[in-house]
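Me: I have a structure open and want a quick walk through it. Can you take my questions as they come?

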Amino acid sequence: MKYFRSHILIETDEASVQQGAREVMNALKQELAKHNLDQEVNVLETGSLGFFERGVCIAVYPDDVIYGNVKVEDVSSLVSEHFLKGRPLTHLVIERSEKKNIPLGYDKRIVLENSGNIDPEEINDYLGVGGYLAWEKALLEMKPEDIVQTVKDSGLRGRGGAGFPAGIKWSFTSPIKGVQKYVVINADEGEPGTFKDRLIMEGDPHKLLEGTMIASLAVGATKAYIYIRGEYKLCINRLQRAIDQAYEYGLLGKNILESGFDLDIEIETGAGAYICGEETALIESMEGNRGIPRTKPPYPGVKGFMQNPTVVNNVETIANVPAIINKGADWYRNIGTAESPGTKVYTILGDVAVPGLCEVPMGTTLRTIINTYGGGMKKGSRFKSALVGGAAGIFLGDNMLDVKMDFHNLAEYKAVLGSGAILVINDSVNIVDMLESVIKFFRHESCGKCVPCRNGNEQLYKSVRKIKAGYAGEDELDKMLLIADTMQKTSFCALGQSLLLPVKSALDMFKDDFLSYINKKKAINK
Amino acid sequence: MNKMINLMIDGIDVKVSQDTSIIEAASSVGIKIPSLCYHQDLLPSAGCGICVVEIEGQPLPKRACCTPVYEGMKVKTNSIELRSLRKMLLEMILADHYVDCPTCISNNKCDLQDLAYIMGVKTEENAPLQTRKPIDESSVSIIRDPNKCINCGRCVTVCNDIQTVYALTTVHRGFESEINTPFSKGMAESTCINCGQCVVFCPTAALTEKTHTEQVWNELLNPAKHLVIQAAPAVRATLGEEFGMEEGSLSVGKMYAAFRKLGFNAVFDTNFTADLTIMEEGTEFVNRFTSGGTLPLITSCSPGWIKFMETFYPDLADNVSTCKSPQQMFGALVKTYYAENKNVNPKDIVSVSIMPCTAKKFEANRPEMQDSGYKDVDYVLTTREIARMIKEAGIDFAKLEDEKADDLMGIYTGAATIFGATGGVMEAALRSAYYLITKENLPSPEIKAVRGMEGIKEAIVDVKGTKVKIAVAHSLGKARELMDRIRQQIQETGKSDYHFIEVMACPGGCVGGGGQPFQSNLAARARRGEALYKEDSELELRLSHENPAVVEVYEKFLKAPGSEIAHKLLHTNYFKRDIMSGDIIEEATHKH
């Protein structure tokens, strides 16, 4: 085996590629060759290293230095400083908090364990870190009902937002006999500020495939679909490549590993409607119809795609499955909290010093996530609120910084984990402005099927505009609450129901922001 | 198989079969849950949310229209909170609805108006949300006013699920979402076959017929014009409803009286040409049947079905009878036979037809429908339109003395009257075809196998030892099923085993047509059909070939069924249409 003294991992996720990652990679290779270092230093592609707003990032091992905002013109000085002179190019180094490695926290990662470590386009890399062992074990050593039981015992809950226990979902479909069954992976990630699924798929597509295979075996589906939003071009390419490689290695197809089990996986692309993340709307869309939610019951587990039993799971949920099969339910239960075992992937955005991606055990407090993984607040700004759970989330105030974040604890505060987006807001921002964009989003993304969601969002939008324009009285606030409450109680699906969270939390926690518009006709700090 | 479920609604024990929705279960014990988008004959669209109820043990209210019952379920249909939610939803709907009730065509017949009134909702409670959108007036039959649309989705359901025409859909999303034709090109540039079922099911006036009452009034009040009126079989069974009479009331005599009072110079009946149609179509069938012509023969009375066939099944165009519909046969005769007989200049004649149908407006405007040398039928009014005219004229319809139609084209048989119900044309045609083949009349004129509301009815009729296999389909979804079956038979064996088929575009036949009083449900349509069968049974003449006026028209003018002049005036040809726009591509048959 060839020996390299150093490895450069360059992140090539969608965002980095757009910012020139491939150009930087080529420049690096040329520069290294120029100095005859190409036999000593290896350049590899990998998934996201976990930093946002930092341009193209590269990691150098074993030195464990991460550079950000690397441009083609930096490459020659980077090579000469780091690899010839042996000292980091300090102005590009991403300063992490005191404990150097924590933002990446590889030791605690499950879903993202390989992301940023291996080449996502190489099945051999995945096999090299123990990939597809769980698939082999499930296929050759376990019965479908054992797999369902293991996942049930692990307490794995759906990471798409609602937190429904995955094993229980599977147990509805698994016993149904004599019909074609399907597994559908919901990769139609559309929650504002959320792109964890994209980074999981871009960084480690084989893990998602392995989870999908195990889920299909468990519920007896011989056909699985991955429904990805069409804008996720790189995900689609990498997953397709991964699927092709899996077929080539005999991990998919007919009579897999001579087990007698057949499975095909296919990618379906969505057209970008937010509502198609709702599982029944997603199924409608897959069937070629307009993406609007169906009446439940019957649930998809009984009558889903083409009226056949269909299990729909989120990407992050399924990416947990291989580790659960490999290491067992008890191991999984030891991570996180009793009601919500395992880890959660968050995207930390907004006014933090190091916006980024992190995977932490369930129950980690918001304060820890912001301070440790987000590097604290941006210089000179003070924490005001965090919008947790995406647009359909809740505005948390500083009194809730120490709440343990998991499904159960947040529910006690009438909050949700949602998609895992954490948008940190500094105290110069008026929450009314934030709320306006949240409502605007839902106003646009409502499918239009039901009155409370379609017309209610428009009413809310009109109200918030009226408040901002200074034409509203305090009674407008009661009216907003009443509308949001009606929407929650009468909307057909979760889209319209979830508006109450941001509206009510904004009104409860930040009423002064509204009053500042109403009384002074302008925001406090503007 | 049909497991029974016990539940409790508002403290009343209810027992219903499983898969029943809460709203149906409640209705079975006489509890009416307020609702707006729900319609008993359609799958719930679950849009409005008005029908929310509380279910014990469930955190949020549920829609009664689409929530199935379960054992032990406890439902509360009213509470302070439910009332407040319903009112709030109604306010939201009204805020996005163009409220012009006094001049609205649906005034006093509007579900939204009713509900807002009953629940005491004020229109000014919520800020208006609406920006006015353009009205789609492209179609000759149907107007779509998006400003009055409440997005209930009934029209989309009936157009797509029941009629399988796919002319209506929801476009865009969010608050911009609206019901429109695919690609928003307008009704005229869609597959719309003008059946008007969307109009009948619309709870407001977002879909209405294109009205021609103004034009007809102007003609009526012009002394230089000679106005002739015909009324379709099904109108006599529904016109009374517009004046508060019970569903299924027959009002033939009052109808003629009202027409005269309005000022029509000649009051005739489409039933006359329905009998004539039987003579022509019956002859055509007998010819095809006995000389190995293209079979099955499919009826051609329903203009919605004709456009549907031209769009989706042009390959079966040769199977469709070349006979014009009774309306158009009538139109062609008025400006020839009647004009000669009465010595009136055909260019002064204004020919008006009263139809249960919106597609008849389209049919009358087809360019080929000018065989008299003039536009055969000048104006088509629906049952609803003529009712408005009668009201405007101050005529107290219910108190009118019965009158008779004028002789020349006003005499009809029971065979003609049942044209208005599904299966009626088939039954009438068999009565005469039997005679044409055997020179004897059927032992009993009633053929019960083709009556009733079942979607596809089939029978084998014994014509003195010869078996004739017939089928009757109503609603275009059922017609599609039947046509697919025929197409498959032809593909597999070269021929179909059916001989004669009746298709009506609307569920229930013409009594359920798109021009009939708003919101007719299937049960009401069945009652209207019964009224027609009752009239048939009470009439002395029940066989088309025994109609003396028909005998006379052949003797004096048309010579014989299928003669050259009959072909010129009473038969037509068909086209192949584009499946997206409904535009004519080419001729599918050639005029004989």
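Me: Start with strand 13 of chain A. How many of its residues are buried?
Reply: Five of the six residues in strand 13 (residues 421-426) of chain A are buried, so that strand is mostly covered. Buried means that 20 or more other C-beta atoms lie within 10 Å of the residue's own; exposed means 12 or fewer, partly exposed is in between, and C-beta atoms are placed from the backbone. Strands are DSSP runs of E with at least two residues, helices are runs of H or I with at least four, and both are numbered from the N terminus.

Me: Before I go on, where do the coordinates and numbering come from?
Reply: This is a predicted model: local features need pLDDT of at least 70, side-chain atom pairs count only at pLDDT 80 or more, and totals for chains, interfaces and linings use all residues. Residues are numbered from 1 along each chain as its sequence is written, while chains are lettered from A and ligands numbered from 1 in the order in which they are written.

Me: Back to strand 13 of chain A. Does strand 9 of chain A run parallel or antiparallel to it?
Reply: Parallel: strand 9 (residues 343-350) of chain A is joined to strand 13 of chain A by four bridges. Two strands pair if DSSP finds at least two bridges between them. A:Gly350 has A:Val424 as its bridge partner in strand 13 of chain A.

Me: And how many bridges tie strand 11 of chain A to strand 13 of chain A?
Reply: Five, in the antiparallel sense, with strand 11 covering residues 383-388 of chain A. There, A:Phe383 is partnered with A:Asn426.

Me: What order do the strands take in the open sheet of chain A?
Reply: The order is 10-9-13-11-12, five strands with mixed pairing. Strand 10 (356-361) and strand 12 (394-396) of chain A are the edge strands, each pairing on one side only. From one strand to the next, the twist averages 30°; the axes behind it are lines fitted to C-alpha atoms, for helices over the stretch in contact, and angles run from 0 to 180 degrees between N-to-C directions.

Me: What does A:Ala386 stand opposite in strand 12 of chain A?
Reply: A:Leu396. Strands 11 and 12 of chain A pair antiparallel over three bridges.

Me: Which residues does A:Val424 contact, leaving aside neighbours within four places in sequence?
Reply: Among them are A:Ile348, A:Leu349, A:Ile370, A:Phe383 and A:Ala386. Contact means C-beta atoms, placed from the backbone, within 7 Å.

Me: New topic. How many residues are in the largest nonpolar core?
Reply: It has 346 residues, and those with the most contacts inside it include A:Val424, A:Ile348 and B:Val228. Helix 2 of chain B gives the most to this core, with nine residues. A nonpolar core is a set of buried Ala, Val, Leu, Ile, Met, Phe, Trp, Tyr and Cys residues joined through C-beta atoms within 7 Å.

Me: Last one. Which domains does the assignment give for chain B?
Reply: Domain 1 (4-78), domain 2 (92-209) and domain 3 (214-587). The bounds come from an automatic or database domain assignment. Taken over C-alpha atoms, the centres of domain 1 and domain 2 of chain B are separated by 26 Å.

Note on methods
Contact = placed C-beta atoms within 7 Å.
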